[in-house]
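Work through the exercises below with the sequence and model at hand. Try each task before reading its solution.

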Amino acid sequence: QVQLVESGGGSVQAGGSLRLSCAASGYANSFNCVGWFRQAPGKAREGVATIYTASANTYYVGSVKGRFTISQDNAKHTVDLQMNSLKPEDSGMYYCAAANANHVSDCLDPAWGFGYWGQGTQVTVST
């Protein structure tokens, strides 16, 4: 059984940083596409960043470009999301998702169907 576990969420003031990690168990080696999504209360879920691990191609939603970085840590077997210069509008529940993409273009499309999801980790940014 595949499990994705997020960690690293918390509360910070605007301008601060957090680093989220996504660890996978089970048949994790079959995943070549990992994404971070977020959902704020009353809002739709939004794709924040994705990474095609075979080539390290990445996608970022416009509002986080230049502030967030998605990367894979092969030593820890995690996919991390470094979040800098955080803003109150970055607050929400952050979810890790994973899948096996046949094409890199699928992985870089946040609307594509990710098959496995974690339980989420809360990020709260205060003014």
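**Exercise 1: a pocket lining**

Sort the residues lining the second largest pocket into nonpolar, polar and charged.

Solution. The lining of the second largest pocket divides into three nonpolar, three polar and seven charged residues. Here Ala, Val, Leu, Ile, Met, Phe, Trp, Tyr, Cys and Pro count as nonpolar, Asp, Glu, Lys and Arg as charged, and the others, Gly among them, as polar. The second largest pocket has 13 lining residues. Nearest its centre lie Arg 38, Lys 43, Glu 46, Glu 89 and Asp 90. The space in this pocket is about 200 Å³. A pocket is an open set of points on a 1 Å grid over the protein atoms alone, where a 1.4 Å probe fits, with protein on both sides within 12 Å along at least five of seven lines; lining residues have an atom within 4 Å of a point. The volume is the space filled by probe spheres set on the points, which are joined across faces, edges and corners.

The model is predicted: local features need pLDDT of at least 70, side-chain atom pairs count only at pLDDT 80 or more, and totals for chains, interfaces and linings use all residues. Residues are numbered from 1 along each chain as its sequence is written, and side-chain values use heavy atoms, with hydrogens and water left out.

**Exercise 2: strand β5 and its partners**

Find which strands pair with β5, and in what sense.

Solution. Start with β4 (residues 33–39): β4 and β5 pair in the antiparallel sense over six bridges. Pairing requires at least two DSSP bridges between the strands. Phe 37 stands opposite Gly 47 in β5. Six residues separate β4 and β5 in their hairpin, and Gly 42 in the turn has a positive phi of about 80°.

Next take β6 (residues 57–60). β5 and β6 are antiparallel over four bridges. Ala 49 has Tyr 60 in β6 as its bridge partner. This hairpin has four residues between its strands, and Ala 56 in the turn has a positive phi of about 65°.

Buried means under 20% relative accessible area (1.4 Å probe, protein chains only).

**Exercise 3: the whole chain**

Solution. From the N terminus the order is β-β-β-β-β-β-β-β-β-α-β-β. Of the 127 residues, 42% count as buried.

Methods
Helix = DSSP H or I, 4+ residues; strand = E, 2+ residues; numbered from the N terminus. Buried < 20%, exposed > 50% of the residue type's maximum accessible area, 1.4 Å probe, protein only.
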